[in-house]
Amino acid sequence: MLVSLHTPYVDTCAADLSLALGGPERPALHVRDLTLPGDVRLRLRLLGASHQVVLAEPDGAAALTETVACLPGRPPHLPGALHDEAGGYRFTASVLRPADGELHTRIAGLRADLADDPYALVGVFPGDPDAVTALAVRTDLPHGSVGWRTWHAYPQTNELVLTETVVALP
């Protein structure tokens, strides 16, 4: 699902992001609730130039909340990898600085690839078609796990932040 957002893009860069697990749902610009096979419920949330994903219990209570954002009171730190084997949580992040013109090409391709994906949410901010935050649920994982990928494009700094999360289901 492709949504044109009316809120201006947050002027930030990849270095300002941090990862938080748990915590409350933050104010969102757009939310997409999904029910996956096996009654797995995910809430994809666009938070300006950032995201939040909520993995919900069957009763709707949050089982896991992942937030990648500029978080008040929290120093910016986006780990390259975080693996909690006991909790079944795996997160990776990378920051790309594409060659001139490549960011536009990558974002145009991403928008085209995810526009009609029933398990994706793409937010396009006013003022720059490359100012995008996108989330897509992975449907290629083995039974008993759920995962998602995200893209955060910062055209003002020519940065593209990629994250990938896989969670083992109880």
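Which residue takes a positive phi in the hairpin of β7 and β8?

**View 1. The hairpin of β7 and β8.** Gly-88 is the one, with phi near 75°, and four residues sit between the two strands. This is a predicted model: local features need pLDDT of at least 70, side-chain atom pairs count only at pLDDT 80 or more, and totals for chains, interfaces and linings use all residues. Numbering starts from 1 along each chain as its sequence is written, and side-chain values use heavy atoms, leaving out hydrogens and water. Strands β7 (residues 81–84) and β8 (residues 89–96) pair in the antiparallel sense over four bridges; pairing takes at least two DSSP bridges, and strands are DSSP runs of E, at least two residues, numbered from the N terminus. Leu-82 has Phe-91 in β8 as its bridge partner.

**View 2. Helix α1 and its two sides.** Helices are DSSP runs too (H or I, at least four residues). Leu-103, Ile-107, Leu-110 and Leu-114 of α1 are buried (under 20% relative accessible area; exposed is over 50%, partly exposed in between; 1.4 Å probe, protein chains only). Down the axis of α1, the buried residues fall within an arc of 60° (directions from the helix axis to the C-beta atoms), so they line one face. On the other side, Thr-105, Ala-112 and Asp-113 are exposed.

**View 3. The salt bridge of Glu-25 and Arg-43.** The closest N and O atoms of this pair are 2.4 Å apart; the rule asks for a Lys or Arg side-chain nitrogen within 4 Å of an Asp or Glu carboxyl oxygen. Glu-25 lies in the loop between β2 (18–21) and β3 (30–36) and Arg-43 in strand β4 (residues 40–46), so the pair ties together parts 18 residues apart in sequence.
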